[in-house]
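User: I am new to this structure and would like to learn how to read its features one by one. Could you take me through them, giving the general idea before each case?

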Amino acid sequence: MHQKISGRILFGEDARIESALYLTAKYPLSRAGDVSKISIEYLKRGWEILNKIERILLKDEGIRKWVKAHGREQLRQIIANAIIERGIRAYEKEWEELKGKDIERVVRSAKAKGKIVPPPAIANNYLGQQASKLIKKLLQEEKEVIIADLGCGSGGTILPIISRLSPEERKKVRIILIDIMKKGLEEAAEELQRLGLSQKQIHIFRINLADIGKNRKLISTFGGKVTLAVSGAALHHTPDLKSEFAGIKKLLKKGGYFLFWDWMHPAWRAPRLLAAPLGYRVEEHGKILVARRKTIEAPKEHAYLARAPMKGAKKAAHELDAAREILSYWITLLGYPEKEKERFLRFFDKEIKKGEPIDFLEFLKTLVGVKPPAGETPFYFWEGHTTPDVYVNALAKNGFKPLRGKRITGRRITHSPLLYFFQAMA
Ligand SMILES: C[S@@+](CC[C@H](N)C(=O)[O-])C[C@H]1O[C@@H](n2cnc3c(N)ncnc32)[C@H](O)[C@@H]1O
């Protein structure tokens, strides 16, 4: 029983548990979207997925017996591992299935189209400036700098860094490309060679971001040797930030740098979002309101959004604004026309004014009459975005230090309320 229920083995092999998971996410794994991609912190609290699955599993007599022998906590841990595993597999499948034009559209959406530079391209350019400055400085003292790009895609993040180096400097770097998408890795390597790098300077690792620290080949070759780790819009792609950041720390040498940017907002905290009343602080990922001597707990499957900037970053947008922006994005990302997005924004403002919760999944159902363009993913396409404080805490817990000042903080880098840049030292 233990073997059957634990970790990876559990997945796909135990039909009961599989179907229990489906009860909470009613779409096949082969679809792009999956609620289990959401950060495990949010799934435990706001989404209550752990409790729901536990209740379903405990209806089974065999599982009840198992719990008697091993304890409830162990069952909860196994469920958490299973959710994480499912989230990762869903992503793997999603990216693996991308072909030709899809790659161009989804992964390279960061490429400037005409004169309009999309926010992700601004963020990659910003990271390019910061990282290339650092590499130039390091190369004054070191013969070689090893750089790891985590979730490199087809090169949207690494190329703006390397293209800022001189031909001489380009000869002195080695690049580790990490991603799960084969096609993206191949394209990134080709583009780097076009910038003058030799094949020998490029190391490709087709692995999961959550497995960096566990990959023998990667760690035995490069563990403790990487001077700079970079990442753009990728770290949220595993629900397991703990393993991810621990793995990155293993890769970096002591005093090595970690520069990255990502999407940040509080909208995935729970299925139903409530605006915090004025004068209250929001704690515990939206689950608790605090004012002087009073604390209020959010109802089940609800989370609060603060009427204050997101914690953990400078110049951060207000939580409400960030959530409003990302949810409205999804309307168009799901293939619905602009006017549906406008309708959502009106709905959001009206509900917040009335003090009613925003239930985005319910709102999506009102879009049923609108036919999304063929080939687009229909519903429930979630990602693992969190707020900046979640990254700041994960970095601190894994022993990362601030580059400047006393604490690590993110920084908003574009006009968008959603994109933040972080830097830390191993
Ligand atoms: C939004 S793209 C960003 C690519 C690139 N950094 C850029 O800015 O153009 C996210 C990348 O993360 C990769 N990815 C998603 N989940 C992953 C996982 N669990 N492990 C490794 N890579 C993953 C995807 O294949 C994709 O290339």
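Analyst: Let us begin with pairing: two strands pair if DSSP finds at least two bridges between them, and helices (H or I, at least four residues) and strands (E, at least two) are DSSP runs, numbered from the N terminus. With that in hand, E7 and strand E8, which covers residues 288-291, pair in the antiparallel sense over three bridges, and Arg281 has Val290 in E8 as its bridge partner. Please keep in mind that this is a predicted model, in which local features need pLDDT of at least 70 and side-chain atom pairs count only at pLDDT 80 or more, while totals for chains, interfaces and linings use all residues. Residues are numbered from 1 along each chain as its sequence is written.

User: In what order do the strands of the sheet with E7 and E8 lie, and how do they pair?

Analyst: Strands of a sheet pair through backbone hydrogen bonds, either parallel or antiparallel. Here three strands make an open sheet in the order E7-E8-E9, with antiparallel pairing. Strand E7 (281-283) and strand E9 (294-297) are the edge strands, each pairing on one side only.

User: Which three strands form the open sheet with mixed pairing?

Analyst: That open sheet has the order E10-E6-E12, and its edge strands are E10 (302-305) and E12 (358-359). Strand E6, at residues 272-275, is joined to E12 by two bridges and runs antiparallel to it, with Leu273 standing opposite Ile358 in E12.

User: How many helices and strands does the chain have, and what share of its residues is buried?

Analyst: The chain has 18 helices and 15 strands. For burial, one counts C-beta atoms placed from the backbone: a residue is buried if 20 or more others lie within 10 Å of its own, exposed if 12 or fewer, and partly exposed in between. By that count, buried residues make up 44% of the 426 residues in the chain.

User: Why is strand E4 described as largely enclosed, and with which strands does E4 pair in the parallel sense?

Analyst: Seven of the seven residues of strand E4 (residues 226-232) are buried, so E4 is largely enclosed by the rest of the structure. Strand E1 (residues 145-150) pairs with E4 in the parallel sense over three bridges, where Asp149 stands opposite Val230. E4 also pairs in the parallel sense with E5, over six bridges, and there the bridge partner of Val230 is Leu259.

User: Which strands pair with E15, and how many of the residues of E15 are buried?

Analyst: Six of the seven residues of strand E15 (residues 419-425) are buried, so E15 is largely enclosed by the rest of the structure. Strand E5 (residues 252-263) runs antiparallel to E15 and is joined to it by seven bridges, with Leu259 opposite Gln423. Strand E13 (residues 401-402) pairs with E15 in the antiparallel sense over two bridges, Pro402 having Ala424 as its bridge partner. Strand E14 (residues 410-412) likewise pairs with E15 in the antiparallel sense over two bridges, and E14 and E15 form a hairpin with six residues between them.

User: Which residues have the most contacts inside the largest nonpolar core?

Analyst: In soluble globular proteins, nonpolar side chains tend to be buried together. A nonpolar core is a set of buried Ala, Val, Leu, Ile, Met, Phe, Trp, Tyr and Cys residues joined through C-beta atoms within 7 Å. The largest one here has 112 residues, and those with the most contacts inside it are Leu228, Ala229, Val230 and Phe258. Two residues are in contact if their C-beta atoms, placed from the backbone, lie within 7 Å; leaving aside neighbours within four places in sequence, the contacts of Phe258 include Ala229, Phe400 and Gln423.

User: How many of the ten residues of helix H6 are buried?

Analyst: Of the ten residues of helix H6 (residues 61-70), the number buried is one, so H6 lies largely in the open. Just after H6, Gly71 takes a positive phi of about 100°.
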